[in-house]
Amino acid sequence: MDRIVDLDEVAKVLAGQTVGWRSAGFEVGQVTWRDAEASWPQSLETDRARVHDPESVGVVISGPGEAELSVVLFRGGWADVDFVARLDDSGSLPASDIASASDFETRMNQWVARAFGVRGSVQ
């Protein structure tokens with residue numbers, strides 16, 4: 001898999017946004033990592049030091065009314081983005097051609113807004 005996005009930079013973006021999300025009343029799970037060199041089935045790690053060759057980084061954010069956003073970004077520049085805003089409003093969001101950590105940050109703000117009904121960046 002090509003290395004399009006620096007996942008360590010993305011983790012810094014997530015760390016920087018976590019304070020704002022928590023201040024807004026969201027619960028933010030631990031960042032998880034998957035190691036490309038780990039044997040199958042690859043387990044998720046919360047300790048970056050245990051991951052030699054990061055393939056993905058992910059986080060789950062929970063909000064009011066059981067709303068939830070799950071994002072897993074792959075170093076190849078795409079993400080799996082799933083959300084539940086309400087029982088009748090859930091699904092996957094488009095997430096391809098992510099070119100950098102700053103691009104990811106912009107999109108993350110959009111995904112948070114979609115899942116939790118907030119406008120703009122929560123910081």
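Analyst: Strand S4 (residues 54-62) and strand S5 (residues 68-74) run antiparallel and are joined by 7 bridges; strands here are DSSP runs (E, at least two residues) and helices are DSSP runs as well (H or I, at least four residues), numbered from the N terminus, and two strands pair if DSSP finds at least two bridges between them. This is a predicted model, in which local features need pLDDT of at least 70 and side-chain atom pairs count only at pLDDT 80 or more, while totals for chains, interfaces and linings use all residues. Residues are numbered from 1 along each chain as its sequence is written, and side-chain values use heavy atoms, with hydrogens and water left out.

Within this pair, valine 59 stands opposite valine 71 in S5. The hairpin of S4 and S5 has 5 residues between the strands, and glycine 65 there takes a positive phi near 65 degrees.

S5 also pairs with strand S6 (residues 78-86), again in the antiparallel sense and over 7 bridges. Phenylalanine 74 has tryptophan 78 in S6 as its bridge partner, and the hairpin that S5 and S6 form has 3 residues between them, with glycine 77 in the turn showing a positive phi of about 100 degrees. As a general point, the side chains of a regular strand alternate between the two faces of the sheet.

Turning to the loops, aspartate 53 lies in the one between S3 and S4. Aspartate 53 counts as buried because its relative accessibility is 11%, where buried means under 20% relative accessible area, exposed means over 50%, and partly exposed is in between (1.4 Å probe, protein chains only). Its side chain makes a polar contact with the side chain of arginine 75, at 2.7 Å; a polar contact is a pair of N or O atoms within 3.5 Å, and within protein one must be able to donate a hydrogen and the other to accept it, while residues adjacent in sequence count only if both atoms are side-chain atoms. Leaving aside neighbours within four places in sequence, aspartate 53 is in contact (heavy atoms within 4.5 Å) with Arg3, Arg34, Asp35, Ala36, Glu37 and Arg75.

Glutamine 42 sits in the loop between strand S2 (32-35) and strand S3 (44-45), and glutamine 42 is also buried, with a relative accessible area of 18%. A polar atom of its side chain lies 2.9 Å from the backbone oxygen of aspartate 35. Not counting residues up to four places away in sequence, glutamine 42 touches Arg34, Asp35, Ala36 and Glu55.
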